[in-house]
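I opened the model to look up how its chain is put together. These are my notes, in the order I took them.

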Amino acid sequence: MAAVRALVGSRLAAASAFASLSPGGRTPSQRAAIHLSAPQPAAKVALVLSGCGVYDGTEIHEASAILVHLSRGGAEVQIFAPDVPQMHVIDHTKGQPSESESRNVLTESARIARGKITDLAKLSAANHDAAIFPGGFGAAKNLLCCIAPVLAAKVLRGVEVTVGHEQEEGGKWPYAGTAEAIKALGAKHFVKEVAEAHVDQKNKVVTTPAFMCQAALHHIHDGIGAMVQKVLELTGK
């Protein structure tokens, strides 16, 4: 619609100028002013991957959901991953290491990015409004950190995050103990449902439980959508 308005505006301006030069043409005493607003700049978001596959890389469903919601929100996305060997390769049919294989994190992450990926060493905060880290064990194994909320707790003292509930509740929240680890680092944990996200307004950190909960995929997708929406709101774009 913005392109159509610009096109109509330029045509009206040209017609007005032509009329004023035509023999016998009259210049109207009043002209209609056409104000064309510039399009809102898109939020520039870096998506940092750690491989391809939940047990040795990025959780693929989480990464895909993030990309879907960023696309819907009109964000400009650039995908990054470190150009390093994976810690190890897990046979996802068995959940066990495959001793005979070795893989590269950047190469594996390119599967999710459909080839459009950049070495993490080239990521500059000055060029992006936000960075999102999907879950998956690769975050701990290949990014040399831990799951995303714990990473935030280590870097930002007193940060507010969520990994969902603080009790396992019969196996629904199998990683509930992570909340205590977060508190031990001096961070604040907030109990949230899987379809919710928590916003730390002071530190500008947004987290959602995702696969920390044994829930239907669409609920996890909704929670990631809530997170992405809050991230884009924080960018102001």
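**Entry 1: helix 3.** I started with helix 3 and asked which of its residues are buried. They are Val105, Leu106, Glu108, Ser109, Ala110, Ile112 and Ala113. Buried means under 20% relative accessible area, exposed means over 50%, and partly exposed is in between, with a 1.4 Å probe and protein chains only. Helices (H or I, at least four residues) and strands (E, at least two) are DSSP runs, numbered from the N terminus. By that count helix 3 is mostly covered, with 7 of its 9 residues buried. I then looked for the cover. Helix 2, strand 2 and strand 5 are included in what covers these buried residues. Contact here means heavy atoms within 4.5 Å.

**Entry 2: ground rules.** This is a predicted model, where local features need pLDDT of at least 70 and side-chain atom pairs count only at pLDDT 80 or more, while totals for chains, interfaces and linings use all residues. Residues are numbered from 1 along each chain as its sequence is written, and side-chain values use heavy atoms, with hydrogens and water left out.

**Entry 3: the whole chain.** I noted 7 helices and 10 strands in the protein chain. The chain has 237 residues, and 37% of them count as buried. For contacts between residues at least 6 apart in sequence, 69% join residues at least 24 apart. The accessible surface is about 13,700 Å², and carbon and sulfur atoms hold 55% of it. Areas come from the Shrake-Rupley method with a 1.4 Å probe; for residues, only the protein chains shown count as cover.

Strand 1 is mostly covered, with 4 of its 5 residues buried. I followed strand 1 to both partners. With strand 2 it pairs in the parallel sense over 5 bridges, and Lys44 stands opposite Glu76 in strand 2. With strand 6 it runs parallel, joined by 3 bridges. On that side Val45 stands opposite Ala130 and Leu47 stands opposite Ile132. Strand 1, helix 2 and strand 2 form a right-handed β-α-β unit. Right-handed means that, with the strands pointing away from the viewer, the path from the first strand over the helix to the second runs clockwise.

**Entry 4: the cores.** A nonpolar core is a set of buried Ala, Val, Leu, Ile, Met, Phe, Trp, Tyr and Cys residues joined through side-chain atoms within 4.5 Å. The largest one has 32 residues; Val45, Ile66, Leu70, Ile132, Met227 and Val228 touch the most other members. Elements that each supply at least two residues include strand 1 (44-48), helix 2 (60-72), helix 3 (105-113) and helix 7 (217-235). Helix 7 gives the largest share, 6 residues. Why does this core lie between domain 1 (41-135) and domain 2 (143-236)? Both domains give residues to it, so it lies between them. The domain bounds come from an automatic or database domain assignment.

I checked Met227 by itself. Leaving out residues up to four places away in sequence, Met227 touches Ile66, Ile132, Ala197, Val206 and Thr208.

**Entry 5: strands 7 and 8.** Strand 7 (residues 160-164) is mostly covered, with 4 of its 5 residues buried. It pairs with strand 8 (residues 188-191) in the parallel sense over 3 bridges. Lys188 in strand 8 is the bridge partner of Glu160. Between these strands the chain crosses through helix 6 (residues 178-184), and this β-α-β crossover is right-handed.

**Entry 6: loop residues.** Tyr175 is in the loop between strand 7 and helix 6. Tyr175 counts as partly exposed at 39% relative accessibility. Not counting residues up to four places away in sequence, Tyr175 touches Phe211 and Met212. The C-alpha atoms of Tyr175 and Phe211 are separated by 9.3 Å, with the two residues 36 apart along the chain.

Glu169 lies in the loop between strand 7 and helix 6. Glu169 is not a glycine, yet its phi is positive, about 55°. Buried or partly exposed? Glu169 counts as partly exposed, at 45% relative accessibility. Ala210 also has a positive phi of about 55° and is not a glycine. Ala210 sits in the loop between strand 10 (205-207) and helix 7, and at 4% relative accessibility it counts as buried.

Terms used:
Two strands pair if DSSP finds at least two bridges between them.
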